[in-house]
Amino acid sequence: MSNSDRVEISSPGQPLIGTDRFIDEYQSRNEELADIMRRMGFCEEKGSGMDKALTAIEKYQLPPIKYRVSDIRTTIILSAFKKWSDTSKEERVMACYQHASLKYLANEMLTNKSLLERLGVDEKNYPLISVVIKEAMAQGLIKVGTPDGTNRRDIAYIPHWG
């Protein structure tokens with residue numbers, strides 16, 4: 001399904017893992033079939049499609065991927081570009097979590113500066129990014145990844161599962 005402002009991709013059934021772990025986890029419904037398909041070259045050993053999609057989304061500063069799970073299907077929603085002022089609090093917080101996850105998988109950490117760049121916010125507006133980071137922490141999506149006693153401006157963050 002598509003509209004002018006988004007593309008929706010659906011898959012039958014509910015996921016075997018939580019949507020917040022799509023970026024770093026994978027689980028096949030049928031391991032035997034998956035093994036055969038991997039050996040034939042039809043699919044890869046570890047799913048990296050979500051990582052690749054999120055990397056492209058960050059590169060073009062698009063809104064984060066959204067997920068919708070119902071009893072009969074799982075839908076992933078890719079949105080068209082939006083200016084910072086047009087994004088919702090929910091979108092900003094989810095972009096923060098997804099950014100932290102990508103950074104963690106690259107052996108890096110989310111910082112105020114990296115999130116500024118990810119969201120396309122001017123550096124003079126860094127307090128706006130601090131608010132997003134605080135909200136993502138309050139929702140339990142990210143946590144501090146630097147040692148205690150680190151200078152406040154040098155604090156970096158990782159996803160809650162890191």
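The model is predicted. Glutamine 61 and asparagine 107 are non-glycine residues with positive phi, at about 50° for glutamine 61 and about 60° for asparagine 107. A nonpolar patch on the surface includes Phe42, and helices H4 and H5 cross at roughly 100°.

**Positive phi**

- Glutamine 61 sits in the loop that links helix H2 (49-59) to strand S3 (66-69).
- The relative accessible area of glutamine 61 is 31%, so this residue is partly exposed.
- Asparagine 107 belongs to the loop between helix H3 (89-105) and helix H4 (112-119).
- Asparagine 107 is exposed because its relative accessible area of 74% is over the 50% cut-off.

**Nonpolar surface patch**

- The patch consists of Leu33, Ile36, Met37, Met40 and Phe42, which together have about 500 Å² of accessible area.
- Phenylalanine 42 is located in the loop between helix H1 (31-39) and H2.
- With 58% relative accessibility, phenylalanine 42 counts as exposed, because exposed means over 50%.

**Helix pair H4 and H5**

- The axes of H4 and helix H5 (residues 126-138) come within 9 Å of each other, and their crossing angle is roughly 100°.
- Angles of 65 to 115 degrees count as roughly perpendicular, and H4 and H5 are therefore roughly perpendicular to each other.
- On the H4 side, the contact is made by Asn112, Leu115, Leu116 and Leu119.
- On the H5 side, the contact is made by Tyr126, Ile129, Ser130, Val132 and Ile133.

Technical notes: Residues numbered from 1 in each chain as written. Predicted model: local features only at pLDDT ≥ 70, side-chain atom pairs only at ≥ 80, totals over all residues. Heavy atoms only, no water. Helix = DSSP H or I, 4+ residues; strand = E, 2+ residues; numbered from the N terminus. Buried < 20%, exposed > 50% of the residue type's maximum accessible area, 1.4 Å probe, protein only. Patch = residues over 30% accessible without salt bridge, like charges linked within 9 Å, V, L, I, M, F, W, Y side chains within 5 Å. Areas by Shrake-Rupley, 256 points an atom, 1.4 Å probe, with all protein chains shown as cover. Salt bridge = Lys/Arg side-chain N within 4 Å of Asp/Glu carboxyl O. Axes fitted to C-alpha atoms, helices over the stretch in contact; angles between N-to-C directions. Parallel < 35°, antiparallel > 145°, perpendicular 65-115°, else oblique. Contact = heavy atoms within 4.5 Å.
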